Amino acid sequence: PATPTQRLFFALWPPAELSRELHRLAGNALRGGAGRRVAPENIHLTLAFLGSVNASFRECAEQAATAIRATSFTLMLEQMGYWPKPGILWAGPNQTPSLLIQLVQELNAGLVACGYDAEKRPYAAHLTLARKTHLHNAVASMEPRAWEINRFHLVRSHTHAGGARYEILRSWPLNS
Ligand code: 2AM
């Protein structure tokens, strides 16, 4: 029988109030046009996407996360962007904070030691707000929202016909 696997990723999860606000902004940006908004409770920022992994990989990934010594930081959400090819509307910072880049790099380095095939594209910090959209203006500024980041999570993605449901499996603090 095939080894059981889980679809996992590391992510930052916004407080519920911020997610509701981003969901509302996405509604304004779509203005009733085509597109599937991400449910508020599903809005997140991915640090590293692991894909479907077995139990021993998960164990190694958790150890890698535990070994990380990273510092908490503020993420400013100040632009809404649109990637036409995947049809993704997203929110993100104008500039990725170096502490976020460091966190992603440390995580990747630890995961590579587990046999992880690290993402080769440059890291693009974003929270997907809607998929399958067709917009005309590529980017819009938004009234900046400050998001205090002091932990990160290992998340399991349960995919089903209606979309995805995310389950936070474990969380690690960042140093203050
Ligand atoms: P996205 O929002 O830009 O699609 C769970 O699927 C999370 O992992 C999503 O935030 C998704 O980013 C991200 N992700 C990164 N690489 C992925 C991949 N190859 N397949 C699916 N999701 C991926």
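**Entry 1: strand β6 and its partners.** I began with Arg 36 and found that its bridge partner in β6 is Arg 131. This is a predicted model, in which local features need pLDDT of at least 70 and side-chain atom pairs count only at pLDDT 80 or more, while totals for chains, interfaces and linings use all residues. I number residues from 1 along each chain as its sequence is written. Helices (H or I, at least four residues) and strands (E, at least two) are DSSP runs, numbered from the N terminus. Two strands pair if DSSP finds at least two bridges between them. Strand β2 (residues 36–37) runs antiparallel to β6, with 2 bridges joining them. I then turned to β5 (residues 88–92), which is joined to β6 by 3 bridges and is also antiparallel to β6. Here Trp 90 has Thr 128 as its bridge partner in β6.

**Entry 2: how covered is it?** I call a residue buried if 20 or more other C-beta atoms lie within 10 Å of its own, exposed if 12 or fewer, and partly exposed in between, with C-beta atoms placed from the backbone. Strand β6 (residues 127–131) is mostly covered, with 4 of its 5 residues buried. For contrast I looked up Lys 120, in the loop between α3 (98–112) and β6. Lys 120 is exposed, because 5 other C-beta atoms lie within 10 Å.

**Entry 3: the annotated histidines.** Which residues does the UniProt annotation "active site" cover? The unreviewed entry gives His 44 and His 126; such annotations may be inferred rather than shown by experiment, and positions are in the numbering used here, with feature names shortened. They span 83 residues in sequence, yet no two of their C-alpha atoms are more than 8.3 Å apart, so they gather at one spot. I placed His 44 in the loop between β2 and β3 (45–53) and His 126 in the loop between α3 and β6. His 44 is partly exposed, with 19 other C-beta atoms within 10 Å, whereas His 126 is buried, with 20. For contacts I use C-beta atoms, placed from the backbone, within 7 Å. Leaving aside neighbours within four places in sequence, His 44 has contacts including Leu 127 and Tyr 166. With residues up to four places away again not counted, His 126 touches Leu 45, Gly 81, Trp 90 and Gly 92.

**Entry 4: Leu 89.** Beyond its neighbours within four places in sequence, Leu 89 is in contact with several residues, among them Met 80, Tyr 82, Leu 129 and Leu 135.

Terms used:
Contact = placed C-beta atoms within 7 Å.
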